[in-house]
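Please read it beside the sequence and the structure.

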There are 2 protein chains.
Amino acid sequence: MKKNVLKIALSTLFTASVVWAQAQIAEDFKPSVMNQPGQEYPMVNSQGYARFKILAPAADSVKVSLGLGGRGGTRLKKNADGYWEGTTEGPMDEGFHYYNVNIDGGKFNDPGAKNYYGSIRWESGIEIPAKDQDFYALKNVPHGHVQQVLFPSPSTGTSRRAFVYTPPGYEKGKQKYPVLYLQHGWGEDETAWMNQGHANLIMDNLIAEGKIKPFIIVNTYGMTNEVKFGKIREFDIKPFQTVLVDELVPYVDSHFRTIATREKRAMAGLSMGGMETKTITLNKPEVFGSFGLLSGGTYAPADFKDKIKPLYIHLSCGSKERPDGIRKATEELKAAGFNADGYISEGTAHEFLSWRRALYQMAQKLFK
Amino acid sequence: MKKNVLKIALSTLFTASVVWAQAQIAEDFKPSVMNQPGQEYPMVNSQGYARFKILAPAADSVKVSLGLGGRGGTRLKKNADGYWEGTTEGPMDEGFHYYNVNIDGGKFNDPGAKNYYGSIRWESGIEIPAKDQDFYALKNVPHGHVQQVLFPSPSTGTSRRAFVYTPPGYEKGKQKYPVLYLQHGWGEDETAWMNQGHANLIMDNLIAEGKIKPFIIVNTYGMTNEVKFGKIREFDIKPFQTVLVDELVPYVDSHFRTIATREKRAMAGLSMGGMETKTITLNKPEVFGSFGLLSGGTYAPADFKDKIKPLYIHLSCGSKERPDGIRKATEELKAAGFNADGYISEGTAHEFLSWRRALYQMAQKLFK
């Protein structure tokens, strides 16, 4: 009897909370800023709910991979006009999310959204406006250029692609600049930091506000996707280390006005790019002087035994990841006399808003 | 009776030709070079047939928009494993094609292919290797950089994007360069010429072979897609002319080492970009000295009445378009004393191989 009462109470509570949640959805949906030109859907409201609308009149099932964590995405319902429509069960985290659409068992992209390389495929992207979005907004300030370069890579027998951010005014002066080599994560490629990361806009805004002295950023493909996600420990760093240290760094130093010293050359990476950063910086401390791991692990004082001390270490992650690990590692580094910062991005998980914010923080500490 | 005999004869002939065609498909299919990393399909064989394979186990109908002209694309058939598979009825034209996939009445992209902006959407792309593909291949030669710039545009109240190709060695010297402003067509944007057009590789190869003196190429969005395809005559050139002539040209001249004279500044465009080129060059002959219309109309001697004479005119199209119009217009221009060339791309239609080849030809004649 008691059991049944409890059951009824829970069921009422559940129903009530669903009704409450649905009643509370603000009908102020606007097209996501990452939509294709002229596309209304997907839309996002002021609370962070996402709404999808996709045409597939003869389909039996349309499901969006995006939804509340672990609840398996959002099932869309078919309207009379052949469009499938649906809203996430709850608000999404602020920032950028990859997603895809399952149409009758196949994985496709939302025709309304632009595509971003993640999960070893060009995925759909959506942006939930963040309260602090101003720091990565496109503003009326001088803009740096993002250069696609094809650098010779004898070790891999081809020309490889990198993107190089040169700060505003680069083309007019004779000044030389420090360089940050900044890596993407597993499933992504060299397009990630400038496309979904807005690294160029973050730099433009920091420079315009006088918060940093300008530096160059370089992104290239970390060869991370040659390994399956579950087997990341089997990843061999050597081929990428050769490309980065022996091929790309010399290309950048000979084609751009860089300060080609360890002190003015940093390496950082997000997620698996952090793992690469840790390995390469410890293998090549004479090449890189400052290090950043963004949701990508930690350094311990013992890592630097018998090695040159780094000038600066940035550790960070989202508050929904494992912030305690970052805090603890930072304390240990500081206690051992290292110049280290631990940054926690509030309210975000293992996603790009954490990394945009981390770049914003880290950029203000590098090359001092 | 005679009628029936004829019917049977025709029907036999038709069946025979289908059998013949099918028997002749060379089973040497390879992944298209425009596939996403690691993706096997779509594939292309040595004859130019394309084969598609797409997972959608519960779908009722999967159709690829690509196929023999006017025959409505290629219907795929479902295999036991849930993959839909099919091969084009015949060989496709050499070069690049946009396409999309209809899944149960909705328009999606092929998850195997990379996406290219055309038809006012990011479309799937496939490449049928051309016999002359060497001229746009990625080779072991010095490569120029492709710079994404965000230039201030007071007339449209935002920063607008352009891509600027700077030739190999640009960053090392003090040399100044001529500039070609090169426009995309309707449905496309500023990414077209460098992505699917391979304009940067065409230039790298021409320069490496000593066939041209280096120059800069600039692509920006021609605002062409604000008008519906059938209503192109309603397009107002003024807003784009202002962006191009009053905002982009000054930005390029002040941020790059250009020779900022009419003689060393050219404008060309494909399809609707040709229409824009014709209008703007005739409106602003003091700004641009050489003109190119690629599958984008013609000039007549009368167009230049009371105007400065252009230094060079390039007219071109594919042999499957209206080559006679190009030939006739070129003859008339030449007869009237103009320095003009008419180029016909053999075996191609209103597609990007025509325009890659046209750029290759035109580049060798500009800025002499």
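In what follows, a residue is called buried when its relative accessible area is under 20%, exposed when that area is over 50%, and partly exposed in between, with a 1.4 Å probe and protein chains only. The model is a predicted one, in which local features need pLDDT of at least 70 and side-chain atom pairs count only at pLDDT 80 or more, while totals for chains, interfaces and linings use all residues. Residues are numbered from 1 along each chain as its sequence is written, chains are lettered from A and ligands numbered from 1 in the order in which they are written, and side-chain values use heavy atoms, with hydrogens and water left out.

Helices (H or I, at least four residues) and strands (E, at least two) are DSSP runs, numbered from the N terminus. In α5(A), the buried residues are A:Met272, A:Gly273, A:Gly274, A:Glu276, A:Thr277, A:Ile280, A:Thr281 and A:Leu282. With contact taken as heavy atoms within 4.5 Å, the cover over these buried residues includes β15 (179-183), α4 (238-255), β17 (265-270) and β18 (290-294) of chain A.

Helix α3(A) is mostly covered, since nine of its ten residues are buried. Its buried residues pack against β13 (145-153), β14 (158-166), α2 (192-195), β16 (216-220) and α7 (352-363) of chain A, together with β13 (145-153) of chain B. One of the residues in α3 (residues 199-208) of chain A is A:Ile207, which is buried with a relative accessible area of 18%. Leaving aside neighbours within four places in sequence, A:Ile207 is in contact with A:Tyr165, A:Pro167, A:Pro168, A:Ile212 and A:Pro214. A:Ile207 and A:Phe352 are 145 residues apart in sequence, and their C-alpha atoms are 21 Å apart in space. After α3(A) comes A:Gly210, which has a positive phi, near 70 degrees.

**A buried phenylalanine in a loop**

A:Phe235 lies in the loop between β16 and α4 of chain A and is buried, with a relative accessible area of 14%. Not counting residues up to four places away in sequence, A:Phe235 touches A:Gly222, A:Met223, A:Thr224, A:Val227, A:Met272, A:Met275 and A:Glu276. A:Thr224 is eleven residues from A:Phe235 along the chain, and their C-alpha atoms are separated by 7.7 Å.

**Backbone exceptions**

Most residues other than glycine have a negative phi, and most peptide bonds are trans. The table collects sites that depart from this pattern.

| Site | Backbone feature |
|---|---|
| A:Tyr41 to A:Pro42 | cis peptide bond, omega near 0 degrees |
| B:Tyr41 to B:Pro42 | cis peptide bond, omega near 0 degrees |
| A:Ser295 | positive phi of about 50 degrees |
| B:Asp306 | positive phi of about 60 degrees |

A:Pro42 lies in the loop between β1 (30-31) and β2 (43-44) of chain A, and B:Pro42 in the loop between β1 (30-31) and β2 (43-44) of chain B. A:Ser295 is placed in the loop between β18 and β19 (312-318) of chain A and is buried, with a relative accessible area of 10%. B:Asp306, in the loop between β18 (290-294) and β19 of chain B, counts as exposed at 78% relative accessibility.

The domain bounds come from an automatic or database domain assignment, which for chain A gives domain 1 (25-129) and domain 2 (134-363). The C-alpha centres of these two domains of chain A lie 30 Å apart, and 15 residues of domain 1 are in contact with 19 residues of domain 2.

A pocket is found on a 1 Å grid over the protein atoms alone, as an open set of points where a 1.4 Å probe fits, with protein on both sides within 12 Å along at least five of seven lines; lining residues have an atom within 4 Å of a point. The second largest pocket is lined by 32 residues, and B:Phe229, B:Ser271, B:Ser295, B:Glu321 and B:His350 lie nearest its centre. Elements giving two or more residues to this lining are β8 (95-99), α5 (272-283), β19 (312-318), α6 (323-335) and α7 (352-363) of chain B. Because domain 1 (25-129) and domain 2 (134-363) of chain B both give residues to the lining, the pocket lies between them.
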